[in-house]
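Subject: Structure for you to look at

Hello,

Please find the structure below, followed by some notes on what was found in it.

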Amino acid sequence: MDNNVAVSGNFEIIPCDKMTDIENKPGIKKLELTSSQKIQIGGLMQQLPAVVAANALSNMYMVRFPAGIPNALTPLKQGGFSTMVKGENGRIAGTASLYSVEAQAAVLGAFNAMSIVSGQYFLAQINSELKTMNQNIDKILEFLYGDKKAELISEVSFVKSAYQNYSSIMEHEQQRFATLVSLQEAKKVAMKDIEFYMSDLDSTVNTKSGSDIVAWTDKIFQIKDCLELSIQLYSMSSLLEIYYSQNYDANYISNVEEESVTYIGKCEKRMLSSFSKLSTHIQSFKEGPLKKVDKPALEKKVNLVVDSFSRGTESEMLKSIRSVLHASEAKAEYYVNSNGDLYLRTA
């Protein structure tokens, strides 16, 4: 690795020509770029030799953000940047200024692109946890019911699209703003639907099953599916609102975390209470002489839900929410090459 390093309080740039076969390096992920983002990364590559005071153009550079990209973007957006350049012996050899319009535009554009593309990567981590929401629309329509059906499927379809097209939409200011406003509305709809289905779950569980305990249990699981879909819609719209607004203020992130984790945690506890009651009811249910019920199968199905909410630790969804919320604050390490490719160190 070349010892020429451009350093500021917010980022470091290091030529690393000796790194080969990066595609197959463990813990490094190639990020998908749009055509315009690839151009922005290419523009950064053209400016890097001057920034790091390198004697020759390197084919690859590492760009490290000790406290996340937002901490580097803010000074750049405010009008300038001065970096210290380290020589081979580690001593300060001089300073390189990023006040020139061309250099600052190139760095700002590339860093913005990195922020957006890595945002898509971080959002993918929690998206993988949203099992109910990730089902196809026909499958979701099989369990949705009542007055909330139309609005919920509409908002779920919209939020899915906002996630899938995040990188592209972020490049178009008017569309980004419209999407942001719609995400805020989707979050409100999700909270209303959560309360509706939670109330329905409570009342159904507290109503006697009658003779057909299988149909009664099936109804409760249908409500659970609707409730989980609403919770996942709330979670994803909350996170997408942050990433679309690019508001990484520490107090704001902290408030969103407290609100989301507390609210979802309460929902999970209420679901645990309801399914614990259901489990008790199934255990005490007396079969009639004319209709046999496979109680062990019902008990196993219900207890899987109870166990998932009573492990004494946060659910995987809550852990993912915390991780994605704080991803912008964490140390980030990227690699860019002369082809305009972008890689993220993930481990």
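Helix 8 (residues 213-245) packs with helix 11 (residues 316-325) at an angle of about 5°, and their axes are 11 Å apart. Axes here are lines fitted to C-alpha atoms, for helices over the stretch in contact, and angles run from 0 to 180 degrees between N-to-C directions. Helices (H or I, at least four residues) are DSSP runs, numbered from the N terminus. Helix 8 and helix 11 are therefore roughly parallel, a term for angles under 35 degrees.

This is a predicted model, in which local features need pLDDT of at least 70 and side-chain atom pairs count only at pLDDT 80 or more, while totals for chains, interfaces and linings use all residues. Residues are numbered from 1 along each chain as its sequence is written, and side-chain values use heavy atoms, leaving out hydrogens and water.

Where helix 8 and helix 11 meet, helix 8 brings I231, Q232, S235, L239, I242 and Y243, and helix 11 brings M317, I321, V324 and L325. Contact means heavy atoms within 4.5 Å. Eight of these residues are nonpolar, two are polar and none is charged. Ala, Val, Leu, Ile, Met, Phe, Trp, Tyr, Cys and Pro count as nonpolar, Asp, Glu, Lys and Arg as charged, and the others, Gly among them, as polar.

Helix 10 (residues 295-309) has buried residues K295, L298, V302, V305, V306 and F309. Buried means under 20% relative accessible area, exposed over 50%, and partly exposed in between (1.4 Å probe, protein chains only). Helix 8 and helix 9 are among what covers the buried residues of helix 10.

Next, the salt bridges. A salt bridge is a side-chain nitrogen of Lys or Arg within 4 Å of a carboxyl oxygen of Asp or Glu, and the count by this rule is 19. One of them joins K301 to D218, with the closest N and O atoms 3.8 Å apart. K301 lies in helix 10 and D218 in helix 8, so the pair links distant parts of the chain, 83 residues apart. K301 is partly exposed at 35% relative accessibility, and D218 is partly exposed at 38%.

Another salt bridge is between E195 and R270 (3.7 Å, N to O). E195 is in helix 7 (residues 173-205) and R270 in helix 9, so this pair ties together parts 75 residues apart in sequence.

Best wishes

Terms used
Helix = DSSP H or I, 4+ residues; strand = E, 2+ residues; numbered from the N terminus. Parallel < 35°, antiparallel > 145°, perpendicular 65-115°, else oblique.
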